Amino acid sequence: MMTQDTFRALVLTQENGAIHAEFRQLTNDDLPQGDTLVQVVYSCLNYKDGLNVTGKGKISRFFPMVPGIDLAGTVIETTSPAYHPGDPVVLTGWGIGERHWGGYAQRARVKAEWLVPLPAGMTLFHSMAIGTAGFTAMLAVMALEEAGVKPGDRDVLVTGAAGGVGSIATTLLARRGYRVAASTGRAETHDYLRELGATTIVPRAELAAPGRPLESERWAGAVDTVGGDVLARVLAATATGGAVAACGNAGGAHLTTTVFPFILRGVRLIGIDSVTCPTERRRAAWDNLARELPADVLDRMTRVEPLSRVKELCDEIVAGQVRGRVVFDVN
Ligand code: NDP
């Protein structure tokens, strides 16, 4: 329960190398510096949050830390001329939940320059159904398009397709007219992925086995959320002039490949970094998301959970068991 003076936050501490996560009542004085105080309404679950809260990845730069790399809410007070009290705003990335207190709290104090206004026609809930995962998926789709990957070419592959980034990338590509091949390790998600617009399902095992430096040309492009050996296989089977947007490392951070896809087929490997994406591109991506992901489409891949369930959901996402997107109601 929030009173006027205190609010609830999940706080991570570290003791003898182990991470502890507990809810605490805080006051505004506890919050870090920033020009804008936000009443958080929703946050969401991303793979990075899972690594952070479980302690399986070194995400927090210091402790105590309020995790949560995304938030959506309304401005309570600000010294920035760009915003006013009551404005609905969205914040993804910029290091919140990593090196600045984040969204798993009922209030956050942040820099106005990190915020984007809630896009017209979008609700706070749906902005967090998108969150960093959807924003990253859009950056990846924009990168493929800018690299010349067009609908009508061969299939575009999405790896880790049933996850958050993967579900939204599959949806966006299909709605832009691409033929989407969705790779998943979970047979029970095949119908779900077809509903999102995938025309072909590629079992994860097919991409996990070691392959040759160059394979027959299969993909016009790819959005890869898995990394490791899967990314190497994807590069080897990307067609001449194709492009691969590398977003994640859910299957491994290593990459052992050869130069052949690059020098014999002109394949491009494009890195996607949602955290420090410049403001202009950030706003363009959010405008695209508002246009291309109507509420009913997002609702099909999203569920809402109370923030009190955050620890078990963080365990689940790190174990690769979360389908689509989870929005946290922080109040
Ligand atoms: P999710 O857990 O929702 O999705 C990841 C998916 O990867 C899983 O659902 C699963 O899909 C697949 N997967 C999980 N474990 C393995 C494994 N061992 N081998 C192969 N595939 C696996 O996470 P998110 O969608 O939030 O994030 C996906 C990745 O993208 C993460 O690595 C994350 O850190 C990264 N990311 C990067 C960003 C950036 O700015 N570059 C921003 C956001 C995320 P399935 O069951 O369908 O096989």
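A: A term first: a nonpolar core is a set of buried Ala, Val, Leu, Ile, Met, Phe, Trp, Tyr and Cys residues joined through C-beta atoms within 7 Å. Please keep in mind throughout that this is a predicted model.

Q: Fine, so which residues touch the most other members of the largest nonpolar core?

A: That core has 103 residues, and those touching the most other members are Ala137, Ala140, Val156, Ala169, Val234 and Ala245. Helix 2 gives the most to this core, namely twelve residues. Both domain 1 (6-118 + 301-329) and domain 2 (132-271) give residues to the core, so it lies between them.

Q: Take Val156, then: what is it in contact with, beyond its neighbours within four places in sequence?

A: Val156 is in contact with Leu144, Val149, Leu173, Tyr178, Arg179, Val180, Trp219, Ala220, Gly221 and Ala222.

Q: Back to the two domains: how far apart are their C-alpha centres, and how many residues are in contact?

A: The C-alpha centres of domain 1 and domain 2 lie 29 Å apart, and twelve residues of domain 1 are in contact with 13 residues of domain 2. On the domain 1 side of that contact there are four nonpolar, five polar and three charged residues.

Q: And the ligand, which residues come nearest to it?

A: Out of 33 residues around the ligand, the nearest are Gly160, Gly163, Thr184, Gly248 and Gly251. By class, this shell has 13 nonpolar, 16 polar and four charged residues, and domain 1 and domain 2 each contribute at least three residues to it.

Q: Which helices supply at least two residues each of that shell?

A: Those are helix 1 (47-54), helix 2 (124-146) and helix 3 (164-175).

Q: Is helix 1 largely enclosed or largely open?

A: Six of the eight residues of helix 1 are buried, so this helix is largely enclosed by the rest of the structure. The buried ones are Tyr47, Lys48, Asp49, Gly50, Asn52 and Val53, and they pack against strand 1 (6-15), strand 2 (18-27) and helix 10 (310-318). Just after helix 1, Gly55 takes a positive phi of about 80°.

Q: What about the backbone, which peptide bond is cis?

A: The bond from Phe63 to Pro64 is cis, with omega near -5°, and Pro64 is found in the loop between helix 1 and strand 4 (70-78). For context, most peptide bonds are trans, and most residues other than glycine have a negative phi.

Q: Then which residue has a positive phi of about 60° although it is not a glycine?

A: That is Trp94, placed in the loop between strand 5 (88-92) and strand 6 (107-110). Asn16 also has a positive phi, near 50°, and is found in the loop between strand 1 and strand 2.

Q: Are those two buried or exposed?

A: Trp94 is buried, with 21 other C-beta atoms within 10 Å, whereas Asn16 counts as exposed, because there are 4 C-beta neighbours inside 10 Å.

Definitions and conventions
Residues are numbered from 1 along each chain as its sequence is written. This is a predicted model: local features need pLDDT of at least 70, side-chain atom pairs count only at pLDDT 80 or more; totals for chains, interfaces and linings use all residues. A residue is near a molecule or strand if its C-beta atom, placed from the backbone, lies within 6 Å of it. Helices (H or I, at least four residues) and strands (E, at least two) are DSSP runs, numbered from the N terminus. Ala, Val, Leu, Ile, Met, Phe, Trp, Tyr, Cys and Pro count as nonpolar, Asp, Glu, Lys and Arg as charged, and the others, Gly among them, as polar. Domain bounds come from an automatic or database domain assignment. A residue is buried if 20 or more other C-beta atoms lie within 10 Å of its own, exposed if 12 or fewer, and partly exposed in between; C-beta atoms are placed from the backbone. Two residues are in contact if their C-beta atoms, placed from the backbone, lie within 7 Å.
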